[in-house]
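Subject: Structure for your review

Dear colleague,

Please find the structure below, followed by a summary of what was found in it.

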Amino acid sequence: MNVSTSAVLKPGKDEDKGPDSSSPDGPQVPQFPPGSPLEKFFHDYMTHKPAPNRPPRRMQALGSGFILDPAGIIVTNNHVIEGADQVSVTLQDGTELPARIVGRDSQVDLAVLEVKPKHPLPAVPLGHSDAARIGDWVVAIGNPFGLNGTVTAGIISSRGRNVEHGLYDDYIQTDAAINRGNSGGPLFNLSGEVIGINTLIYGGAGGDSIGIGFAIPADDARGIIDQLRKTGHVSRGWMGLKFQNVSYEIAEDLDFHKADGTVGKGALVSEVGPKSPASQAGLQVGDIITRVGDQDVTGQTMPRIIASILPGTKTELTVWHKGSTRTLPITLAQSPNAPDMPPSDTHQPTHTKAAFGELGLTVQSIDAEMRTQYALTDDQRGVLVDRVEPSSPATSRGIAVGNVITQVGQDQIDTPDAFAKAIHQAQEQKKMEVLLLVQDDEGLRWVPVPFLGN
């Protein structure tokens with residue numbers, strides 16, 4: 001299916017940035033003789049900066065996706081919908097449906113959308129990518145250059161590719177033609193199962209396919225998709241150490257060999273964080289981790305395997321330590337990297353507005369229209385001030401229409417109902433005023449607002 005996004009471009013932002021748009025190396029500028037009029041023209045054109053007071057404009061972008069659940073659950077790439085304030089999908093029969101972002105994860109570049117169809121949609125199953133072999137035939141379907149429903153075929157060229165795109169690289173490489181606009185589309189095996197999500201390409205100067213494309217394996221994506229559907233974000237396990245892959249040279253230098261005499265493989269520990277799960281488990285610099293639970297690991301595969309384990313889970317590490325092997329129990333902690341949260345308006349609350357006469361203001365939930373009108377980012381949290389009564393406590397403290405209230409005291413709020421609950425709690429505690437964290441054009445500020453009559 002076609003995934004269409006719309007976003008507001010703020011003045012001064014990189015307006016060429018977007019899913020499947022310009023070459024990552026930037027536009028190619030022809031060379032002209034120094035000092036020539038053409039050189040000056042192209043220099044002025046390429047380095048032109050938009051006026052700071054120019055009003056924001058909208059960017060449209062296209063990508064691909066596939067239906068995982070007949071009820072309307074759709075999978076695509078995060079970079080297809082990142083920064084979007086409006087998302088819609090177009091089915092094969094031309095039906096266009098608005099979609100909300102259920103959850104997204106930039107680390108593996110996945111996103112889950114939801115639509116509300118009148119009838120169950122035709123869905124495709126996730127297959128087992130670990131069973132795929134190099135040389136197996138695969139079929140890619142997507143919308144390259146906006147050409148809906150384009151089908152290309154090829155073979156799996158490689159497995160477990162690390163292209164240094166991220167910490168969790170484990171791509172299926174295929175020579176099935178994948179072009180700009182294919183991002184987020186399915187890679188099928190000949191049984192009609194999705195074994196990959198098309199994500200990256202190595203292309204020519206114009207971004208055209210040269211037969212080297214990469215897909216996220218379905219077995220890597222399955223757990224992430226499940227978490228996104230349940231919680232809207234991904235929680236990853238964390239050990240608190242730094243490591244590197246054990247190369248042939250390192251293994252020989254350390255005399256690290258398997259029981260059969262062949263060179264060993266694993267992840268060589270180079271640093272252990274203080275008070276980290278790794279430190280508490282007894283790991284030391286110079287140890288080599290060879291297994292996590294029942295899975296063999298290397299320096300390349302361990303980040304993905306550890307990240308797939310939920311925080312708080314107890315597991316065992318098989319560790320090579322100065323010539324001997326031992327087993328260490330470890331309890332993984334929550335990754336310190338904040339997860340990617342979906343836009344706050346993807347889950348619109350039951351009550352989208354609430355008036356507070358005791359403060360003299362009305363707030364509303366932040367939706368796509370408000371993001372456009374007030375140039376808010378897609379991850380802006382809080383409630384928007386929709387109305388301020390004249391001569392009210394809110395007016396006296398400088399609160400204005402368009403401000404965003406993100407906290408009441410120490411409580412973060414995202415909906416009018418949550419705001420109302422926090423205000424009522426303050427009133428029940430007989431407080432004379434309430435402390436609001438307000439965001440305006442100049443940034444965040446704390447504003448104490450008295451209740452009417454105080």
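Does Glu-114 count as buried or exposed? At 16% relative accessibility, Glu-114 counts as buried, where buried means under 20% relative accessible area, exposed over 50% and partly exposed in between (1.4 Å probe, protein chains only).

Please note that this is a predicted model, in which local features need pLDDT of at least 70 and side-chain atom pairs count only at pLDDT 80 or more, while totals for chains, interfaces and linings use all residues. Residues are numbered from 1 along each chain as its sequence is written, and side-chain values use heavy atoms, with hydrogens and water left out.

A search of the whole structure finds 15 salt bridges, a salt bridge being a side-chain nitrogen of Lys or Arg within 4 Å of a carboxyl oxygen of Asp or Glu. One of them joins the side chains of Glu-114 and Lys-116 (3.5 Å, N to O). Lys-116 counts as exposed, at 65% relative accessibility. Salt bridges link Arg-100, Glu-114 and Lys-116 in a network.

The side chains of Asp-287 and Arg-326 also meet in a salt bridge (3.4 Å, N to O). Asp-287 is buried at 2% relative accessibility, and Arg-326 is partly exposed at 27%.

A further salt bridge is formed by the side chains of Arg-445 and Asp-440 (3.1 Å, N to O). Arg-445 is partly exposed at 28% relative accessibility, and Asp-440 is partly exposed at 23%.

Yours sincerely
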